[in-house]
Amino acid sequence: MEYVIVSFRSREHSVKFSKFLSAHGILNSIVNTPKEAGIGCGLSVKVPSPALYTVKKALAVLKYGSFAGVFKVNDRAGKRVVKPL
């Protein structure tokens with residue numbers, strides 16, 4: 001399964017971004033940031049890959065200071081690969 005995570009260094013910003021996306025009809029969930037992202041602990045917002053363009057536009061407008069990055073995640077056969085976008 002392939003999806004995108006948006007990582008923040010602030011739990012509050014993760015929750016706010018998730019609520020923003022939900023209010024605009026974008027399916028999302030809050031997940032623990034994968035250790036493979038190399039950001040440390042925290043929360044990320046998981047979105048379907050097709051929503052990437054919309055998510056990037058929202059990030060450009062909202063400008064959260066705790067934004068840590070956008071990552072593509074592939075989970076296949078019990079192996080997780082995380083790549084920065």
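So, how much accessible surface does the chain have, and what share of it belongs to carbon and sulfur atoms? It comes to about 5,200 Å², and 56% of that is carbon and sulfur. Keep in mind that what we have here is a predicted model.

Okay, the overall layout. We've got two helices and five strands, and if you walk along from the N terminus, the order is β-α-β-β-α-β-β. The radius of gyration is 12 Å, close to the 12 Å the globule rule gives for 85 residues, so the chain is as compact as a globular protein of that length. If you like boxes, the C-alpha atoms fill one of roughly 35 × 25 × 20 Å along the principal axes.

Now the inside. Of the 85 residues, 40% count as buried. And take the contacts with a separation of 6 or more: 65% of them are between residues 24 or more positions apart.

You'll find Asn 28 in the loop between helix H1 (11–23) and strand S2 (29–32). Is Asn 28 buried or exposed? It counts as buried, because its relative accessibility is 15% and the cut-off for buried is under 20%. Its side chain makes a polar contact with the side chain of Ser 18, at 2.5 Å, and another with the side chain of Ser 22, at 3.0 Å. Leaving out residues up to four places away in sequence, Asn 28 also touches Leu 21, Val 45, Lys 46 and Val 47, among others.

How values were computed
Residues are numbered from 1 along each chain as its sequence is written. This is a predicted model: local features need pLDDT of at least 70, side-chain atom pairs count only at pLDDT 80 or more; totals for chains, interfaces and linings use all residues. Side-chain values use heavy atoms; hydrogens and water are left out. Helices (H or I, at least four residues) and strands (E, at least two) are DSSP runs, numbered from the N terminus. The radius of gyration is taken over C-alpha atoms; the globule rule is 2.2 Å times the number of residues to the power 0.38. Buried means under 20% relative accessible area, exposed over 50%, partly exposed in between (1.4 Å probe, protein chains only). Contact means heavy atoms within 4.5 Å. Accessible areas come from the Shrake-Rupley method with a 1.4 Å probe; for residues, only the protein chains shown count as cover. A polar contact is a pair of N or O atoms within 3.5 Å; within protein, one must be able to donate a hydrogen and the other to accept it, and residues adjacent in sequence count only if both atoms are side-chain atoms.
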